[in-house]
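Biologist: I am new to this structure. Please show me how to read it.

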Amino acid sequence: MIVRSLALSMLMASAIPTGNAFSFTAAPLSTKPTTSRSISKLYMGPPIDPSAPVTEQYGEGSRKYRRTVYTHAEWVKHRSSDRFVNNLKTLFNSGIYKNVGKEVTATTAVAIFHGPLIESPFVQMIGLPLTAFTLVSPSLGLLLVFRTNNSYKRWDEARKFWGLNINHTRDLCRMSTAWYGNESDLDSVDFMGAETGRLAPIDPAKRAYDLQQISLCTWAFVRSMKRHLSPPDDDEADFQLELRSRLGDERAQAIIDANHRPNRALYDLSVAIENLPMHFLRKDAINTNLSIFEDTLGGSERLLSSPIPLVYSRHTARFLSLWLLLLPLGLYEPFKDTWNHIGMIPATAFISICLFGIEEVATQTEEPFTILPMQGFCDKIGGWCDEIVSWAGQGQDDLEESTFSKDYAMWN
């Protein structure tokens with residue numbers, strides 16, 4: 001009995017979260033701006049301050065520190081032969097295990113107090129053979145597998161949406177920059193019987209301004225989308241400050257006041273494209289990217305507003321909880337050869353940690369946006385767009401007029 005009391009005391013102490021909740025941290029995608037664009041205060045890595053509140057070290061508060069992106073160095077460490085030893089060293093600092101501490105304490109407490117009461121005839125009446133747990137284990141396993149797989153699919157889909165954003169923002173700026181003005185454009189070609197004259201010579205200052213607006217509006221869209229998919233108290237102040245510093249008060253306020261900010265930012269981008277001096281067929285090709293942005297935005301909103309059906313999640317949680325709470329009743333007889341049946345205590349705790357941990361992983365990945373490095377994506381997109389539009393005219397301005405004459409003669 002003394003041993004059981006001591007075990008309970010140690011279990012209760014272990015349920016109190018302490019220390020760092022991160023067993024392994026990949027190198028974060030830095031939010032340090034490549035240009036003067038980003039002024040976000042979000043740091044994408046584990047808490048630097050060891051005195052950070054416990055709520056920042058595990059559970060909901062730790063999600064903003066899990067927005068990591070791998071580079072080659074992290075992949076080398078990830079597949080290192082020492083990965084098992086390194087992960088075992090931080091076993092007791094795992095945020096997942098800390099987050100299920102209360103549940104594991106409850107199931108293990110049943111195992112601790114079940115032994116002294118089992119001799120009672122009344123308690124013996126409610127004893128369960130281990131066969132009952134064996135029979136329903138495959139069903140429980142399928143529920144957990146489907147739950148985890150569907151949660152990962154949601155995370156993967158959200159990451160692919162942002163991958164499309166990254167790809168098509170670069171594509172949009174590339175086409176806008178290369179097709180700007182009348183060099184290499186088809187405005188002198190007859191179209192449906194109507195002849196259009198070539199555009200006026202390009203003003204380098206106006207070209208730089210127009211393309212900078214394309215870059216700014218492209219960044220404003222993804223930044224507004226990031227804010228749209230984030231919790232209300234996440235970075236509203238930083239979002240407004242970034243917009244005002246980059247777009248100016250009037251244009252920034254128009255986005256801030258909009259009921260649907262990404263839609264407003266996408267409208268501004270459409271206007272910036274429409275103002276470019278180029279053939280309408282090329283504008284149409286550029287606008288194809290905006291339709292893709294609408295798709296990624298709508299798909300992300302679907303993931304955010306529609307969880308895995310609650311009836312499935314709740315049934316899995318109830319099934320798992322009852323299975324583990326009643327498990328000590330089935331383990332009592334198999335552990336009769338251990339002193340005072342004490343072996344059932346660590347067995348129950350171990351099984352509870354493993355199964356509750358699987359369900360916790362599924363729950364943490366079901367809503368993907370607060371663990372995706374969206375701020376880092378936005379900063380990188382902004383830097384890449386600025387770089388692409390800075391190439392305007394390279395390889396085009398130095399071409400001789402005779403080259404254009406030959407090209408147009410061939411088309412005509």
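Biologist: Are H11 and H12 roughly parallel or roughly antiparallel to each other?

Modeller: Start with the general idea: two packed helices are described by the angle between their axes and the distance between the axes. Here H11 and H12 pack at about 175°, with axes 10 Å apart. H11 and H12 are therefore roughly antiparallel to each other. That label is for angles over 145 degrees. The axes are lines fitted to C-alpha atoms over the stretch in contact, and angles run from 0 to 180 degrees between N-to-C directions.

Biologist: Which residues make the contact?

Modeller: Contact means heavy atoms within 4.5 Å. From H11 they include Leu 266, Leu 269 and Ile 273. From H12 they include Ile 286, Leu 290 and Phe 293.

Biologist: What is the model itself?

Modeller: This is a predicted model: local features need pLDDT of at least 70, side-chain atom pairs count only at pLDDT 80 or more, and totals for chains, interfaces and linings use all residues. Residues are numbered from 1 along each chain as its sequence is written, and side-chain values use heavy atoms, leaving out hydrogens and water.

Biologist: How many helices and strands does the chain have?

Modeller: The chain has 16 helices and zero strands. Both are DSSP runs, numbered from the N terminus: helices are H or I with at least four residues, strands are E with at least two.

Biologist: What share of the residues is buried?

Modeller: Buried residues make up 43% of the 412 in the chain. Buried means under 20% relative accessible area, and exposed means over 50% (1.4 Å probe, protein chains only).

Biologist: Which residues have the most contacts inside the largest nonpolar core?

Modeller: In soluble globular proteins, nonpolar side chains tend to be buried together. A nonpolar core is a set of buried Ala, Val, Leu, Ile, Met, Phe, Trp, Tyr and Cys residues joined through side-chain atoms within 4.5 Å. The largest one here has 47 residues, and those with the most contacts inside it include Trp 162, Phe 221 and Phe 369. Helix H8 gives this core its largest share, nine residues. Apart from this core lies another, of 20 residues, among them Trp 323 and Tyr 332.

Biologist: What does Trp 162 touch?

Modeller: Leaving aside neighbours within four places in sequence, Trp 162 is in contact with residues including Val 222, Phe 369 and Phe 377.

Biologist: Which residues of H10 are buried?

Modeller: Ala 252, Ile 255 and Ile 256 are buried in H10. They cover an arc of only 100° around the axis, so they sit on the same side of H10. The arc is that of the directions from the helix axis to the C-beta atoms. On the other side, Glu 250 and Asp 257 are exposed. The cover over the buried residues of H10 includes H8, H9 and H11.

How values were computed
Parallel < 35°, antiparallel > 145°, perpendicular 65-115°, else oblique.
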